[in-house]
Amino acid sequence: MPTVTTVSISSAAEIFVALSGYMVGMVYVNKVDGGALILKRAGKLYAWNILLFSIAAAFTLASNVSYNLVFRLTPIIIDPFRAVAFFLVLAWGPFLVDILHLYIILMLVSPLALWILRRSPVGLVIISILIYCGFQLGFRIAPEIGGSPNPIEADRWRFHPLAWQLIFFAPMAAGSVKLHVRLFQMLEQRRLIFWVTLAIFVGVGVAKAIPNAPHFYLADRGTLGAIRLLHSLLVLLLYAGLVTLLKDHLQNPILRALGLIGRHSLNVFILSSAATFLAVYIWLRLSLGWSGYATLTIGTVLLVWGAAKYWDNRKVAKIAATNR
């Protein structure tokens, strides 16, 4: 299935982290108790994280080695008590859960970032860049610092917080000054920016698709290599330009459905992750093939859309009740 991940360098993970940081900056910077609210949200996410992990662990114990390899759940089989301990301290997590780990870690640090942000948005960006550059330099000198903190996990840390914090806290500073307003104005006035961005994106995708193409250096995911970071910013600019280009068609049913899902992105992520754990288990257990894969994928999308519709209706009803 063609996604940003399969056709180019970066993935949806960078978009998720960047937009999450942007929303934190936009929503909490002017709240007196912003730091406390962020920590409360982090605690709620931690509880959901445990639920997702429990679902993944249950399917792992009821499945075979193929399932374990897909979701990086082998540590649960090798040493379950140690695996759970490292999970609880946010030092390891299976596929899909690990990005939520990163989000929780960044949210726990966000009250400090919020304190800096209120004094100087530029200062927060500079500190974040310095931490990122320091980590990148340290990683080139001693690559072992990019390894997983869980000794029974062979793979490297998929989202190293010292690297990924940049794509969270820099957007957080941008969100505090509502940079999207000026960005959309610029893209509206200069449509050429979108087409140039699209051309670069396509060019990178074509280069990646060439058989035996040279490796893209500094595009590592776990340490958020510089090329990967720049590409994720390119994708963000491309999406913003696409929204501007389609502004007169936003009432299209497909775009409205995408917008509906986007308004409940975190809930959708949690639900879709749980649904994915179940779908893959069914697919592998029953050996359903590509037709079964397509059916399960469509079913998951419809489930997510239905849930988003329910959450949206409930939110509208709550607002209406408050305004009475």
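**Pocket, cavity and surface patch**

Colleague: By class, how many nonpolar, polar and charged residues are in the lining of the second largest pocket?

Modeller: The model is a predicted one. In the lining of the second largest pocket, no residue is charged and 2 are polar. The nonpolar class accounts for 12.

Colleague: Which helix gives the most to the lining of the second largest pocket?

Modeller: This pocket, with a volume of about 210 Å³, has 14 lining residues, and Leu106, Val109, Ile131, Gln165 and Phe169 lie nearest its centre. At least two lining residues come from each of helix 7 (97–119), helix 8 (121–141) and helix 9 (161–164). The top contributor, with 6 residues, is helix 7.

Colleague: What is the volume of the largest cavity?

Modeller: The count is 1 cavity of 30 Å³ or more. The largest cavity is lined by 13 residues, with Trp92, Gly93, Asp98, Trp157 and Arg158 the closest to its centre. By class, that lining has 3 charged, 3 polar and 7 nonpolar residues. The volume of the largest cavity is about 110 Å³.

Colleague: Where does the largest share of the nonpolar patch come from?

Modeller: The patch lies on the surface and consists of Leu39, Leu108, Val109, Leu112 and Trp115, which together have about 480 Å² of accessible area. The largest share is 4 residues, from helix 7.

Technical notes: Residues numbered from 1 in each chain as written. Predicted model: local features only at pLDDT ≥ 70, side-chain atom pairs only at ≥ 80, totals over all residues. Heavy atoms only, no water. 1 Å grid on protein atoms, 1.4 Å probe; cavity = no way out; pocket = protein on both sides within 12 Å on 5 of 7 lines; lining within 4 Å. Points joined across faces, edges and corners; volume = space filled by probe spheres on them. Nonpolar A, V, L, I, M, F, W, Y, C, P; charged D, E, K, R; others polar. Patch = residues over 30% accessible without salt bridge, like charges linked within 9 Å, V, L, I, M, F, W, Y side chains within 5 Å. Areas by Shrake-Rupley, 256 points an atom, 1.4 Å probe, with all protein chains shown as cover. Salt bridge = Lys/Arg side-chain N within 4 Å of Asp/Glu carboxyl O.
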